[in-house]
Amino acid sequence: GGLAVADGGGTTVEKGKPLLTVRKSDGTSQDILSDIPGVILSVYVKQGDHVDRLKSLMSIVNIDKLRVTVDVYEKDISFVEVGQKAQIESIGFPGKKFAGEVVYISPQVEEDSQAIKVRIDVDNSEHLLRLGMFVSAELIYGSDKKVLAVPQSAVQELNGEDIVFVMEDKNRFALREVTLGQSFGDYVEIKNGVQEDEQVVTQGSFSLKSEQAKESFGDGHGH
């Protein structure tokens, strides 16, 4: 029978919303409803076309959850597993992180990039991410090993060495050279140089470093 399309491509539709109307051979009309919430990607028919049960009318994608494909190099693939959590970022939304989860790891290495394709399902319930956007992904790697970490702001550099200040008592601070490990967002691992029960200065460490440098090199005047 005849057909009238209610919405064109790119239109957001709700579950149960009429998508198009079909005029049946007996002269009655029937609305075709969307069975999912999403966005109309393509419409394959136009008004007046004859349709049957085998003809594709349109394609709809649910954008509440999108799938991202990222490249992971061989040296890093041992840290990736299905079910692993991830954080997705887009240059279109600076500072915004989208939660994701690894759902598939390709069994082969791509010849052109020498990387392995990893697919991540991403929460897009705010409908900010768009199909075809370029994004970056940070895979969250967890283990049973506990590490000592401090805020990045606590670590300074003095004479080419990474340092932190620990509080020895109310008005006295001690400078410690430290060895850094992995970074975790705003935190960085301290492999050695600080004990777990010591209090590290996280604010004002730059001014403490300046005072320390002044003491190390003198005030520049001869005596």
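Guide: One term before we look around: two strands pair if DSSP finds at least two bridges between them. With that in hand, the bridge partner of Val109 is Ile116 in β10. This is a predicted model, by the way.

Visitor: Thanks! Which strand does β10 pair with in the antiparallel sense over six bridges?

Guide: That is β9, and the pairing of β9 with β10 is antiparallel over six bridges. The two make a hairpin with five residues between the strands, and Gln114 there takes a positive phi near 55°.

Visitor: Where is Gln114, in a strand or in a loop?

Guide: In the loop between β9 and β10. Gln114 is partly exposed, with a relative accessible area of 42%.

Visitor: Which residue has a positive phi of about 60° although it is not a glycine?

Guide: His127 has that phi of about 60°. You'll find His127 in the loop between β10 and β11 (135-139), and at 33% relative accessibility this histidine counts as partly exposed.

Visitor: Let me step back. How many helices and strands are in the chain?

Guide: The chain has one helix and 17 strands. It has 223 residues, and 26% of them count as buried. The accessible surface comes to about 15,200 Å², with 47% of it belonging to carbon and sulfur atoms.

Visitor: And what share of the contacts between residues at least 6 apart joins residues at least 24 apart in sequence?

Guide: That share is 52%.

Visitor: On to the inside. Which residues touch the most other members of the largest nonpolar core?

Guide: Val70, Val118, Ile120 and Val122 do, in a core of 15 residues. The elements giving two or more residues to this core are β7 (65-73), β8 (85-90), β9 (98-109) and β10 (115-123). The largest share, four residues, comes from β7.

Visitor: How many bridges join β8 to β9?

Guide: Four bridges join them, and the two strands run antiparallel. Ala86 stands opposite Gly100 in β9.

Visitor: What about aromatics: how many pairs does the count come to?

Guide: One aromatic pair. Phe93 and Phe98 form it, edge-to-face, at 6.2 Å centre to centre and with 75° between the planes.

Visitor: Why is it called edge-to-face?

Guide: Because planes over 60 degrees apart count as edge-to-face, and the angle between Phe93 and Phe98 is 75°.

Visitor: Is Phe98 buried or exposed?

Guide: Phe98 is buried, with a relative accessible area of 4%, whereas Phe93 is partly exposed at 24%. Phe98 has a charged neighbour too: Lys96 lies over the face of the ring, at 5.7 Å from the ring centre.

Visitor: What does Gly16 touch, not counting residues up to four places away in sequence?

Guide: Gly16 touches Leu33 and Ser34. Its place is in the loop between β2 and β3 (18-23), and Gly16 is partly exposed, with a relative accessible area of 38%.

Visitor: Last one: which strand does Leu20 lie in?

Guide: Leu20 lies in β3 and is buried, with a relative accessible area of 2%. Its C-alpha is 9.1 Å from that of Leu57, which is 37 residues apart from Leu20 along the chain.

Key. Residues numbered from 1 in each chain as written. Predicted model: local features only at pLDDT ≥ 70, side-chain atom pairs only at ≥ 80, totals over all residues. Heavy atoms only, no water. Buried < 20%, exposed > 50% of the residue type's maximum accessible area, 1.4 Å probe, protein only. Contact = heavy atoms within 4.5 Å. Areas by Shrake-Rupley, 256 points an atom, 1.4 Å probe, with all protein chains shown as cover. Phe/Tyr/Trp six-rings, centres within 6.5 Å; stacked < 30°, edge-to-face > 60°. Lys NZ or Arg CZ within 6 Å of the ring centre and 35° of its normal. Core = buried A, V, L, I, M, F, W, Y, C linked by side-chain atoms within 4.5 Å.
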